[in-house]
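Here is my note on the structure you asked me to look over.

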Amino acid sequence: MSTATTQRPTGQQAAPRSGPPRLTGRRLAPYAFVLPAVALFAAFKLYPIGWSLVLSLYKSVDGTDTFVGGDNYTRLLHDPLFWTALKNTAVILVIQVPIMLALATALAVAFNSRLLRARSLFRLGFFLPMVTGLVAYGVIFSVLLNEKYGLVNWLLHFAGIGPVPWLTDPLWAKISLALALTWHYTGYNAVILLARLQSIPAELYDAAAVDGAGPWKAFRHVTLPGLRPALLLTTVLSTIGTLQIFDEPFILTHGGPDNATLTIGVYLYQNAFTYFDFGYASAIAYALAILIGILGLIQFKVLGDKS
Amino acid sequence: MDISRRSVLRAGGALAVGAGLSGLAACSGSGSGSGGGAGAEGSATKGDITVWSWASPAAEMKALVPAFNAQYPDIKVTVQDIGNPAIWDKITTGLAAGGSGLADVMHIGIDYLPGYTEKFPNGLADLGRLGADTYKDAFAAGVWESAVGRNGKVSALPMEANSGGFYYRSDIFEQAGVDVKSIATWDDAIEAGKVVKAKTGKYLLGLDKPASIPDAANFFQMLLQLQGAFYFDLDGGITLDSAESVKAMTIIKQLNDAGLVADLSGGWNAQIAAIKAETCAVLPMPTWYGGIIEDTVPDQKGKWGVRLPPAVRRGGSTAATVNSTYLSIAGSSKQQAAAWKFVEFVLTRPENLVKIYKDKGIAPALMKAYDDPVFHTPSEFFGGQQKGEVFLDALKAPSPAVNYSSDYARALKVVTDAQTKVLLKGADPAEVLKQAADQLAQQTGRRVVR
């Protein structure tokens, strides 16, 4: 990403080595330090990941796990609910993520501007939603967006707008979900973009100004190209996050009404913990992982630095 | 200096390695924890046991602990209110983890019990082994059978047996000039609802139209059970698009199309708010809900009445055991004998169940409890009616066995989606139920009975 240069030692430190390094004493220390983290990672990440691959090849019949090979995966291809979940997730990905990233870019530029007073206060304000617990903000949104007793409809009422069925109409439920996600993650992305923005040399803007570029041209030809690596990062992170989205639809709408906000994450949860179908849930998890991998690759190809 | 620093590093590293390994060992220890059923029975008179339940039943069991301790002073009981539906996820996770982290005693609804026993055959202890068989004939008809798995194991002892009820605002019906007693079928109810709506502006009843919580299909299920039908037949075949199902969904569509259904999206809170706001004339809810109404709106005393629901077809049944709950003991519990003493104490002593009924209106499954006068005295809240006897009649009526099966949760989901399509988009009942049945078959590998 960045081109920070590592200072190469020019002195005499690079003494010639004799023979293979011995794993004793001082050489052992770094391994000892790394081992606990590796052990915990293996126990709580690698093991479940591997075990869920095994699980995805099994089906529980009368309480005993039976090997069914790829059955869970072929079942997935013919499951209309999985496709509904995939479609819903894709819609959020295609509509919400670009809007959010455009907003985040605009915010980052504003945060960076010297014209803005109390910049740190604004940065804090927009980043704060990220710190809010997922469940807490889900509950707050469900209260705000309640059709009969919610604050939002109460305020709209004064503007002469009738009650909006935020969470109970299939289309509005999707919009509510997108709103909640945007509120939660825009500031986070803006901060990443801002960090990158600050590394763009001021001389480039000076040169652009000398060449007669206005603010818009400077933004297009200096800011945007400079932001490219950070935009790639936020796009990839948002894609991964969106594909795994669970908390918001689970708390706001339970995936409803009529599966309008059913996401892959919620469907996976339902299969595992409501239907006790852990094999099928694991297959969904792996399908999701493959999907994320493919989309990530495509984004790197399209947005990545070709040089 | 250098040496000492090195030894400090080494010691630190060794400590860290130790911590890492012990973490790993702890993890593998819990991962391969006893697969359930293997737990020792422990002492019957001594030990610490934990009980999981929710809301009112949790509070009632907690209140029974001092009386229990008078007899078993060395058994320490901790009753935890896990909340409903959170308790189901918690039990599932525990069972899937081989029983680790589960309470000794767990309060389980009939809708979840077959799923647990079929998917986790050793997850719940065999109460027959602990002495439950002696109570086989003590409970309401049908509820014992539901608790006995296909392998003959007694997985749970019945606590509540709730029948479908029809709680109504007598003052609203009076104002509309409709005689509640004359409503014999749900078709009559639709006609009565139209009059009520025209004269008083009140809805007949309320439903969670977008199914914001999982039990939005309770009303549909009651209409099915009134016809002796369910989502599955006794062999496990799918009967979701049977004539009875279509009839039940058609009633819901007719009610909705006539503008008689209030939208109670938001689940429990919305319903409680609707009772306070006097939105609906009728609450088609089971026995236990009477206690909730009394607690929620004590000032509406005398304005309420209760009867059994209208039949679906003229001359049909008005009795249906719509939900029952049980107490189970975890197969992994090391205190099964002590846990059994508590379960036995709560569920087989009439005086305890009578107390629970008096406090919260929860209907006991133990038939002997109904000898108590409380079930036969007029209720002031319900306009002097003998509420207890209304439901006792339903409990005594022949009750067909209901096969919830291990796929009840999936069935409930497709049914709720179908109902939402009917309520929000005016979909055709027969068509959405056919789709639902086909989808359930695709998901479960069960055949559709047509």
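1. The largest cavity holds about 70 Å³ of space. A cavity here is a set of points, on a 1 Å grid over the protein atoms alone, where a 1.4 Å probe fits but cannot get out, and lining residues have an atom within 4 Å of a point; grid points are joined across faces, edges and corners, and a volume is the space filled by probe spheres set on the points. The search of the whole structure finds 3 cavities of 30 Å³ or more.

2. Before going further, please keep in mind that this is a predicted model, in which local features need pLDDT of at least 70 and side-chain atom pairs count only at pLDDT 80 or more, while totals for chains, interfaces and linings use all residues. Residues are numbered from 1 along each chain as its sequence is written, chains are lettered from A and ligands numbered from 1 in the order in which they are written, and side-chain values use heavy atoms, with hydrogens and water left out.

3. The lining of the largest cavity includes Arg169(B), Glu278(B), Cys280(B) and Trp304(B), and it divides into 6 nonpolar, 2 polar and 2 charged residues. In this count Ala, Val, Leu, Ile, Met, Phe, Trp, Tyr, Cys and Pro are nonpolar, Asp, Glu, Lys and Arg are charged, and the others, Gly among them, are polar. Helix α11 (residues 268–276) of chain B gives the most to this lining, with 3 residues; helices (H or I, at least four residues) and strands (E, at least two) are DSSP runs, numbered from the N terminus.

4. The second largest cavity has about 40 Å³ of space, and among the residues that line it are Tyr357(B), Tyr370(B), Phe375(B) and Phe391(B). Its lining divides into 8 nonpolar, 2 polar and no charged residues, and helix α15 (residues 387–396) of chain B gives the most, with 4 residues.

5. Turning to the interface, 37 residues from chain A and 38 residues from chain B take part in the contact, where contact means heavy atoms within 4.5 Å. The two chains, A and B, bury about 3400 Å² between them, 58% of it on carbon and sulfur atoms; buried area is the accessible area (1.4 Å probe) that two parts lose on being put together, summed over both. On the side of chain A, the residues that lose the most area to chain B are Asp258(A), Tyr275(A) and Phe276(A), together 21% of what that side buries.

6. Which residue of chain B forms a salt bridge with Asp258(A), the closest N and O atoms being 3.3 Å apart? That partner is Lys425(B), and a salt bridge is taken as a side-chain nitrogen of Lys or Arg within 4 Å of a carboxyl oxygen of Asp or Glu. Asp258(A) also meets Lys421(B) in a salt bridge, at 3.4 Å from N to O. Because Asp258(A) lies in the loop between α10 (247–252) and α11 of chain A, and Lys421(B) in helix α16 (residues 408–425) of chain B, this pair joins two chains.

Notes: On a 1 Å grid over the protein atoms alone, a cavity is a set of points where a 1.4 Å probe fits but cannot get out, and a pocket is an open set with protein on both sides within 12 Å along at least five of seven lines; lining residues have an atom within 4 Å of a point.
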